[in-house]
Amino acid sequence: MIPPQAVIPQEAEILCIGTELLLGEITNTNAQYLATELAQLGIPHHYQTVVGDNEARIHHALEVACGRSSLILTTGGLGPTPDDLTHEALASFFGVEMVEHPQVWEEILQKYGQRGIVPSSSNRKQALLPKGAAVLPNPVGSACGLIWQPRPNLRILTFPGVPREMHRMWQETAVPYLRSVGWGQEVFHSQVLRHWGIPESTLAERVGSLLAGKNPTVAPYASQGEVRLRVTGRAPTREQAQALIAPVIQQILEIAGEDYFGSDEATLASVVGELLLKQGQTLAVAESCTGGLLGQLLTGIPGSSGYFLGGVVAYDNRIKEHLLGVDPATLERYGAVSKPVAAQMALGAKQTLGSDWALSITGIAGPDGGTATKPVGLVYLGLADPDGKTEVQEYQFGSLRGREGVRWWSAQTALDRLRRRLLRR
């Protein structure tokens, strides 16, 4: 056990208790909620632990947490059944007895009585708390939590596992309490910078000197083709935190150039839409292997009717010929998955729908249909510009990405190609 006089960092830790979490029977949304709330309060938080309903394992988790954090938040294990062990485990860990809080029992009786239910004798255990702990009231359910300072450098707050109850208890009691004892005096403010077309390792190398910063911090992570950099500052106010990260963000933008496409909730589709609106231009699409996904991404943006005219999903070659004007001889000579066909599809969409720009996609998404010369994952992306010029790029997205992966990468890469062209006009 960690000696009480140990110097512990002023950091929070989340300890979620419940075997159902380990079995995957429920999603641990409580940890996500508390993590978000801690960030908004500016409380450092570096560890989360999930442990089952077992007193010995809860003790071990507490021993580790008490050795590295001075604020421990627990969720779960406050019910009336024998496997609800949180408060008992806390009492035995710190070597104190459990004592009954009569007012808690009275509240339980009242809450059950309002529903016409007589609580069982097992419910009475919910009125027992470790000696010295204060009640963290639950205005919704029967399971109260506790606020406890078992050591001078350690505070513990417990919450039930029911999210609705935990949220109320956190907002109405926990946050005011933490502020009153000096926690939550600063705020975190983050901005996520999103990139496409650059490997995570390459971007990390370019911004390497910024990754070592303590405040602001810069953290890279990849997500389905994107590379994101989260820039976070901690300061007494949101405005000061924003000012703190502003010069770092500017450095990153200068380093990333066109590989950066937007911040926070921006998507390639939304950024393309903004650029088209700004330039007063329109877009049409012609899709084969993506089956309408590109159009779906574009029309998922509110206001897309202001720049997106429509699209043609052309799987059969007769559709390519009759609706997009693809030359049958070109299809015969090069095949539907080819540079010439992608170019004619893009130009045909532009001319048929009367748009300024047009994108086309043709490829082999798989899992079947590939050959030695045209393997699964081969994709051609066509782009027709306002001057009627077309360009086509070949990509090998690879069968390891799977059918949906090939489709996703094709649609997103097509948007990125158009975005870069729009930036240069």
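1. **Ground rules.** This is a predicted model, in which local features need pLDDT of at least 70 and side-chain atom pairs count only at pLDDT 80 or more, while totals for chains, interfaces and linings use all residues. Residues are numbered from 1 along each chain as its sequence is written, and side-chain values use heavy atoms, with hydrogens and water left out.

2. **Overall form.** The chain has 14 helices and 17 strands; these are DSSP runs numbered from the N terminus, with helices being H or I of at least four residues and strands E of at least two. Its radius of gyration is 29 Å, whereas a compact globule of 425 residues would have one near 22 Å (taken over C-alpha atoms, the globule rule being 2.2 Å times the number of residues to the power 0.38). Along the principal axes, the C-alpha atoms fill a box of roughly 90 × 50 × 40 Å.

3. Of the 425 residues, 49% count as buried (under 20% relative accessible area, with exposed over 50% and partly exposed in between, using a 1.4 Å probe and protein chains only). Taking contacts (heavy atoms within 4.5 Å) between residues at least 6 apart in sequence, 68% join residues at least 24 apart.

4. **The largest nonpolar core.** This core has 33 residues, and Leu283, Leu294, Leu359, Leu415 and Leu418 have the most contacts inside it. A nonpolar core here is a set of buried Ala, Val, Leu, Ile, Met, Phe, Trp, Tyr and Cys residues joined through side-chain atoms within 4.5 Å. Two or more residues come from each of α9 (268-279), β13 (283-287), α10 (293-299), β15 (357-363), β16 (378-384) and α14 (402-424). Setting aside residues up to four places away in sequence, Leu415 touches Leu268, Ala269, Val272, Leu294, Leu297, Leu298 and Leu359.

5. As background, nonpolar side chains tend to be buried together in soluble globular proteins.

6. **Trp196 and Thr413.** What does Trp196 contact beyond its neighbours within four places in sequence? Its partners are Gln224, Gly225, Glu226, Asp259, Phe261, Leu268, Trp409, Gln412, Thr413, Asp416 and Arg420. Trp196 lies in strand β9 and counts as buried because its relative accessibility is 3%. Thr413, for its part, lies in helix α14 and is classed as buried because its relative accessibility is 6%. Besides Trp196, Thr413 touches Leu381, Tyr395 and Phe397, not counting residues up to four places away in sequence.

7. **The largest pocket.** Its volume is about 630 Å³. A pocket is an open set of points on a 1 Å grid over the protein atoms alone, with protein on both sides within 12 Å along at least five of seven lines; a cavity is a set where a 1.4 Å probe fits but cannot get out, and lining residues have an atom within 4 Å of a point. Grid points are joined across faces, edges and corners, and a volume is the space filled by probe spheres set on the points. There are 21 lining residues, of which Ala39, Ile43, Phe188, Ser190 and Thr232 lie nearest the centre. Elements giving two or more of the lining residues are α2 (29-41), β2 (45-51), β9 (187-196) and β11 (226-235), and α2 has the largest share, 5 residues. The lining divides into 7 nonpolar, 9 polar and 5 charged residues (Ala, Val, Leu, Ile, Met, Phe, Trp, Tyr, Cys and Pro count as nonpolar, Asp, Glu, Lys and Arg as charged, and the others, Gly among them, as polar).

8. **The second largest pocket.** This one holds about 470 Å³ of space. It is lined by 31 residues, with Gly76, Gly77, Pro160, Gly161 and Val162 closest to its centre. Helix α6 gives the most to this lining, 3 residues, and by class the lining has 10 nonpolar, 13 polar and 8 charged residues.

9. **Cavities.** There are 3 cavities of 30 Å³ or more. The largest holds about 70 Å³, and its lining includes Gly77, His87, Met98 and Cys144.
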